[in-house]
Amino acid sequence: MIDLAQKDGLWTVTINNPGKANALTGAMLTELAEIAEAATEARALILTGVGKVFSAGADLDEARAGLATSDVWERLSGAIAALPCLTVAALNGTLAGGAHGMVLACDLRIAVPSAKFFYPVMKLGFLPQPSDPKRMSALIGPARTKLILMAGQKITAPEAYAFGLVDRVVESEDLLSTARQLVADSVGADPKIASGIAELCV
């Protein structure tokens, strides 16, 4: 349910569980974390999904059984955030719940016009993973973060772009080609220069 393609230093990771809106199981999250931890030699990484939803967040059955509070979410987002290469989340559709963590940890986020963003963690009776509100607030500010996390608002792609939650909105047929274009310079660059620039941007 997690596909990995590697070509010329570009790692493309695809969540492939469209029959369940790309809901994430513990096994899928662990596999994603292992890929991110192994990607230290990648020159760029693109994270995307199959179908019309990027991810509905945690598989509900597993969430109730303890996945919602598992440290695997932080393991995954931390591994992505620590990568020295350029990382891009290419959101093929709606982003929900805990799936925000890996996306917020990426350097860039692009989304299709139909994408929506919501994180109903308070309504479901769970705290978000610790790094998620911090990363979201760094992008869009504390008030808009509370609009999503506490007011339970569903944000459209144009709103997400206006907020700064995503960096570009592109048509579905152009999503992956745009993501590849965004990482092209990094893939072709000296990795030490690319990672050095990344460190200077923090």
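Me: What classes of residue make up the lining of the largest cavity?

Reply: The lining has 9 nonpolar residues, no polar and no charged ones. Nonpolar here covers Ala, Val, Leu, Ile, Met, Phe, Trp, Tyr, Cys and Pro; Asp, Glu, Lys and Arg are charged, and the others, Gly among them, are polar. This is a predicted model, where local features need pLDDT of at least 70 and side-chain atom pairs count only at pLDDT 80 or more, while totals for chains, interfaces and linings use all residues. Residues are numbered from 1 along each chain as its sequence is written, and side-chain values use heavy atoms, without hydrogens and water.

Me: Which residues line the largest cavity?

Reply: Val13, Leu32, Ile35, Ala36, Leu45, Leu47, Leu76, Ile80 and Met102. A cavity is a set of points on a 1 Å grid over the protein atoms alone where a 1.4 Å probe fits but cannot get out, and lining residues have an atom within 4 Å of a point.

Me: Which element supplies the largest share?

Reply: H1, with 3 residues. Helix H1 (26-38), strand E3 (44-49) and helix H3 (72-81) each supply at least two. Helices (H or I, at least four residues) and strands (E, at least two) are DSSP runs, numbered from the N terminus.

Me: How much space lies in it?

Reply: About 50 Å³. That volume is the space filled by probe spheres set on the points, with grid points joined across faces, edges and corners.

Me: How many cavities of 30 Å³ or more are there?

Reply: The structure holds 2.

Me: Is His100 buried or exposed?

Reply: Histidine 100 counts as buried because its relative accessibility is 1%. Buried means under 20% relative accessible area, exposed over 50%, and partly exposed in between (1.4 Å probe, protein chains only).

Me: What does it touch?

Reply: Leaving out residues up to four places away in sequence, histidine 100 touches Leu95, Phe117, Phe118, Tyr119 and Met136. Contact means heavy atoms within 4.5 Å.

Me: Changing topic, how many residues are in the largest nonpolar core?

Reply: It has 63 residues, and Leu24, Leu47, Leu91, Met102 and Phe117 have the most contacts inside it. H1 gives the most to this core, 6 residues. Such a core is a set of buried Ala, Val, Leu, Ile, Met, Phe, Trp, Tyr and Cys residues joined through side-chain atoms within 4.5 Å.

Terms used
1 Å grid on protein atoms, 1.4 Å probe; cavity = no way out; pocket = protein on both sides within 12 Å on 5 of 7 lines; lining within 4 Å.
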